[in-house]
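Me: I am new to this structure and would like to go through a few parts of it. Could we begin once it is on display?

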Amino acid sequence: MRFRPTIITRLLLRFASHCLLSGISTARIILSCSQPPAGVVRMNFAPMSSTGAAVLGALVTLTPGSSAIDIDPQRREILMHLLDTRTVETTVASIRRDFERDLCLLFPEEKS
């Protein structure tokens, strides 16, 4: 990992934003009478080292309403459980937009 304070700061701010918004959304689901469909989703991620993939999995798991179940760095896939699958496309797009690029810069793909 290269130490890049600007990228790390941006990633942490985006993660904090995800936690806040997802926490509010999760609280609404818990407090409402209706239960949205939960489920498992497979997401491909951009080329990055196995450490970057593990950090991506940790960010997903630490965000309320989602959990990383399995990470396959060779296939570049992460298996996630989502509390609300009505917004799968939006959730995946926000993970890609807010986390992937910075993680690829911090943890570039390892050359074999």
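Me: Which residues is Ser66 in contact with, leaving aside its neighbours within four places in sequence?
Reply: Ser66 is in contact with Val60, Thr61, His81 and Leu82 on that basis. Please bear in mind that this is a predicted model.

Me: Where is the place of Ser66?
Reply: Ser66 belongs to strand 2, which covers residues 66–72.

Me: Is Ser66 buried or exposed?
Reply: Ser66 counts as buried, because its relative accessibility is 11% and the limit for buried is under 20%.

Me: What does the side chain of Ser66 reach?
Reply: The side chain of Ser66 reaches the backbone oxygen of Thr63 at 3.2 Å.

Me: Now to Pro64. Where does Pro64 lie?
Reply: Pro64 lies in the loop that runs between helix 2 (50–62) and strand 2. With a relative accessibility of 32%, Pro64 counts as partly exposed.

Me: Which residues does Pro64 touch, not counting those up to four places away in sequence?
Reply: Pro64 touches Cys19, Ser22, Gly23 and Thr26.

Me: And what separates the C-alpha atoms of Pro64 and Glu100?
Reply: A separation of 18 Å lies between those C-alpha atoms, and the two residues are 36 residues apart along the chain.

Me: Let us turn to the helices. How are two packed helices described?
Reply: The description uses the angle between the axes and the distance between the axes.

Me: At what angle do helix 2 and helix 3 pack, then?
Reply: Helix 2 and helix 3 pack at about 150°, and their axes are 10 Å apart. Helix 2 is therefore roughly antiparallel to helix 3, as angles over 145 degrees count that way.

Me: Left-handed or right-handed, when helix 2 passes helix 3?
Reply: The crossing is right-handed. Helix 2 contributes Gly52, Val55, Leu56, Leu59 and Val60 to the contact, while helix 3 contributes Ile95, Phe99 and Leu103. By class, the residues of this contact are seven nonpolar, one polar and no charged.

Me: What about helix 1 and helix 3: at what angle do they pack?
Reply: Helix 1 (residues 5–31) packs against helix 3 (residues 88–106) at about 155°, with the axes 10 Å apart. Helix 1 is therefore roughly antiparallel to helix 3. The two helices have a left-handed crossing.

Me: Which residues of helix 1 meet helix 3?
Reply: Ile7, Ile8, Arg10, Leu11, Arg14, Phe15 and His18 are the residues in helix 1, and among those they meet in helix 3 are Ser94, Ile95, Asp98, Phe99 and Asp102. The contact of helix 1 with helix 3 has nine nonpolar, two polar and six charged residues.

Me: Asp102 was on that list. Is Asp102 buried or exposed?
Reply: Asp102, which lies in helix 3, counts as buried because its relative accessibility is 0%. Leaving aside neighbours within four places in sequence, Asp102 is in contact with Ile7, Arg10, Leu11 and Arg14.

Me: One last residue. Where is Arg76 found?
Reply: Arg76 is in the loop between strand 2 and strand 3 (77–82). Arg76 counts as partly exposed, at 30% relative accessibility.

Me: What is the phi of Arg76?
Reply: Arg76 has a positive phi of about 55°, although this residue is not a glycine.

Note on methods:
Residues numbered from 1 in each chain as written. Predicted model: local features only at pLDDT ≥ 70, side-chain atom pairs only at ≥ 80, totals over all residues. Heavy atoms only, no water. Axes fitted to C-alpha atoms, helices over the stretch in contact; angles between N-to-C directions. Helix = DSSP H or I, 4+ residues; strand = E, 2+ residues; numbered from the N terminus. Parallel < 35°, antiparallel > 145°, perpendicular 65-115°, else oblique. Left-handed = near helix turned anticlockwise from the far one by under 90°. Contact = heavy atoms within 4.5 Å. Nonpolar A, V, L, I, M, F, W, Y, C, P; charged D, E, K, R; others polar. Buried < 20%, exposed > 50% of the residue type's maximum accessible area, 1.4 Å probe, protein only. Polar contact = N/O pair within 3.5 Å; in protein donor to acceptor, adjacent residues only side chain to side chain.
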